[in-house]
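Look at the structure, then read the points below.

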Amino acid sequence: MVPAPMVPAVLGRAVDGWLEHLEIERGAADNTISSYRRDLRRYLRFLVSQAVGTPGQVSAADVRQFLAHLREGDDDHPALTPASAARALLAVRGLHRSRLLENVTTTDPAVEIAPYRDLFGNWCSRIVAPAGRMRLAADGIVRDSGLPDPVFASAVQHAVEDLPA
């Protein structure tokens, strides 16, 4: 068996975020999440083998080639049945659809944008701004389950003017 190629963290985070969304906000069944996770791991390994390192580098041709790869199989995986290949394609299309709707942040001049999760589980972006003028633009979608936020009786409310500057 050939060792699996190293999947870039940005691709892994994209898959993890989408599966988490399906599980928590859409209530997808455990079997669905497990199947999608398996299909998407295989997809990421395929992308890496095609020298694709970020979601923005994926083309429609890459997705078509992946589907053909599933139907042909390889040394490590047998060819998938049409139904299983269709499920894998559904997972891949859902992942890409969700990535189109995710936050998009751009900077001018271009600087590295490092995504991370804060203590509340929110996706955030960290940048180091160069000296001088810089343009920062962001576009995103807010997802809210509609459930009220938890209230802690011991929490202290502070006036805005009392917060650190």
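A search of the whole structure finds three aromatic pairs. Rings of Phe, Tyr and Trp (its six-membered ring) pair if their centres lie within 6.5 Å; planes under 30 degrees apart count as stacked, over 60 as edge-to-face and the rest as tilted. This is a predicted model: local features need pLDDT of at least 70, side-chain atom pairs count only at pLDDT 80 or more, and totals for chains, interfaces and linings use all residues. Residues are numbered from 1 along each chain as its sequence is written, and side-chain values use heavy atoms, with hydrogens and water left out.

**The stacked pair**

- Tryptophan 18 and tyrosine 36 are stacked, at 5.7 Å centre to centre and 10° between the planes.
- This pair links distant parts of the chain: tryptophan 18 sits in helix H1 (residues 9-24) and tyrosine 36 in helix H2 (residues 30-49), 18 residues apart.
- Helices (H or I, at least four residues) and strands (E, at least two) are DSSP runs, numbered from the N terminus.
- Tryptophan 18 is buried, with 8% relative accessible area.
- Tyrosine 36 is buried too, at 11% relative accessibility.
- Buried means under 20% relative accessible area, exposed over 50%, and partly exposed in between (1.4 Å probe, protein chains only).

**The tilted pair**

- Phenylalanine 46 and phenylalanine 66 form a tilted pair, with 5.5 Å centre to centre and 50° between the planes.
- Phenylalanine 46 lies in helix H2 and phenylalanine 66 in helix H3 (residues 60-72), so the pair ties together parts that are 20 residues apart in sequence.
- Phenylalanine 46 is buried, with a relative accessible area of 8%.
- Phenylalanine 66 is buried at 1% relative accessibility.
- Tyr43, Phe46 and Phe66 are linked into a cluster by ring pairs.

**Aspartate 39**

- Helix H2 also holds aspartate 39.
- Is aspartate 39 buried or exposed? At 6% relative accessibility, aspartate 39 counts as buried.
- Aspartate 39 is in contact (heavy atoms within 4.5 Å) with Phe66, Arg87 and Ala88, leaving aside its neighbours within four places in sequence.

**Helix H2 as a whole**

- H2 has 20 residues and reaches 29 Å from its first C-alpha to its last.
- That is close to the 28 Å expected at 1.5 Å a residue; the expected span is 1.5 Å times one less than the number of residues.
- The buried residues of H2 include Ile33, Leu40, Leu44 and Leu47.
- An α-helix has 3.6 residues a turn, so residues three or four places apart point the same way.
- After H2 comes alanine 51, whose phi is positive, near 65°.
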